[in-house]
Amino acid sequence: MLGCVKLSGILMTNTAAATELDAFYPIRPECQADIPKTRFKIKPGKTLSARRWDAAFSKDGHLDIAKVLRRIHRGGIHPSIKGAVWEFLLGCYDPNSTFEERNGIRRQRREQYGIWKDECQKMVPIIGTGRFVTTAIVTEDGRPVEEERSRNLQEIDTVGTSSRSSLDANNSALDKKVTEWKLTLHQIGLDVVRTDRALVYYENEANQAKLWDILAIYAWIDGEVGYMQGMNDICSPIIILLENEADAFWCFDHAMRRLRENFRCSTGTIGVQSQLSTLSQVIKIVDPKLHQHLEELDGGEYLFAFRMLMVLFRREFSFVDSLYLWEMMWAMEYNPNMFLSYESGSASKGGAGTSGNDKHLKQYGKFERKNVKMGSNDQQLPLPVFLVASVLETKNKRILKEAKGLDDVVNILGDVTGNLDAKKACNEALKLHKKYLSKIKN
């Protein structure tokens, strides 16, 4: 009898967990049939819960990051605390800091974001109003579109000062940077409209505008890279998880510190090309037969993997599973020196910087720990590359047997959508990473 009661309790817990998950990320009824099946489930005793998260802090706020990383690897993060945990995984805060120190950093960052937002709002007043644009607001030479229309209609005299200032507070001083930024704003708006449309969250225009504001302000601050399509897919989950707009901005900013080079494009090159080259190198070492076959199909540049690397498998997983995959990856790649390297402006995500003792090594994620032990700190070997490589390995036989052209490769890889298990994929990537390191060492 006791066994039946216990089993019943477990079943009830699992059912409640599934219902709870659906409540956090509700899907529009008309879209239910079109989205990939979600595999992630909240698992009591395995998933990092709010209770275990709170217990991982000391009285003054120091976080036992090693304990948190182990729990994430076992069962992911509960949706109620996902945003707060991500801030640590992405290096927004130092686990060795106190509550008071983090509150001070948070205040400073919110103030800084407010300054940047005010600066952008003076140039484009619609920012921060809960609305956004999907049509161009300036011409290629920087003139407000409204003014240009008036010129074409020979009604320049009817264009008042207020209508000019609604688009630009200082039109006469438009420089190249301002013009280029303004030219991206409607494209950001078009991408926002297309972002995670299946989620009930984005039925609210104010939530869409929050995403647009953050992407627009980021594009202004990072003028070198600006905005590229795909950033919306990275930012979207973050603004859902973190209610405060400034906190969401900084979390996105730290995610972009990992991914920024993927979006750096110039004439004839794409930012993610370096990772595609690394992927080619990895497959050539671990599976030379597959690599040779892909080269014979003119696929040696691995462009078919572009999307997977660019937006971290957002298209291959359901919304919930992609979040699970990201936190698994970030936990595996975690480096406890990340916060300090970001604050000091170091290009590295953290560096080895360890005495090598076992206690300190436990503060590293599994993937990063292996790099430290091997004496490798090569930033050109990111975990997502090995994730893609592991997917290729699972389709090895089909590609070798069925692929007669690159379209066949794309179709074969397309079958993974909704059929990948995030935890299994990460574990396979770790195995492949180990195999690769052992081969290049020998």
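Asp-196 counts as buried, at 15% relative accessibility; buried means under 20% relative accessible area, exposed over 50%, partly exposed in between, with a 1.4 Å probe and protein chains only. A word on the source. This is a predicted model, where local features need pLDDT of at least 70, side-chain atom pairs count only at pLDDT 80 or more, and totals for chains, interfaces and linings use all residues. Residues are numbered from 1 along each chain as its sequence is written, and side-chain values use heavy atoms, with hydrogens and water left out.

Back to Asp-196. What does Asp-196 form a salt bridge with? The partner is Arg-314, and the closest N and O atoms are 2.3 Å apart. By salt bridge I mean a side-chain nitrogen of Lys or Arg within 4 Å of a carboxyl oxygen of Asp or Glu. This pair links distant parts of the chain, 118 residues apart. Arg-314 sits in the loop between helix H14 (306-310) and H15, Asp-196 in the loop between H8 and helix H9 (205-221). Helices here are DSSP runs (H or I, at least four residues), as are strands (E, at least two), numbered from the N terminus. Arg-314 is buried too, at 6%.

There is also a network. Shared partners join the salt bridges of Asp-222, Glu-224, Arg-260, Glu-261 and Arg-264 into one.

Now H8 itself. Asp-191 and Arg-194 meet in a salt bridge, 2.5 Å from N to O. Why are they about one helical turn apart? Because they lie three residues apart in helix H8, residues 176-194. Asp-191 is buried, at 1%. Arg-194 is partly exposed, at 43%.

Next, Glu-327 and Lys-82. Their side chains form a salt bridge at 2.9 Å, N to O. Glu-327 belongs to helix H15 (residues 319-332), Lys-82 to helix H4 (residues 82-89), and 245 residues separate them. Buried or exposed? Glu-327 is buried, with a relative accessible area of 0%. Lys-82 is buried as well, at 2%. In total, the structure holds 25 salt bridges.

Last, the core. The largest nonpolar core has 128 residues. Such a core is a set of buried Ala, Val, Leu, Ile, Met, Phe, Trp, Tyr and Cys residues joined through side-chain atoms within 4.5 Å. Trp-86, Leu-89, Phe-252 and Leu-392 touch the most other members. H15 gives the most residues to this core, eleven.

Take Leu-89. Beyond neighbours within four places in sequence, its contacts (heavy atoms within 4.5 Å) include Leu-69, Ile-72, Arg-258, Trp-330 and Met-338. Glu-327, from the salt bridge with Lys-82, is also in contact with Leu-89.
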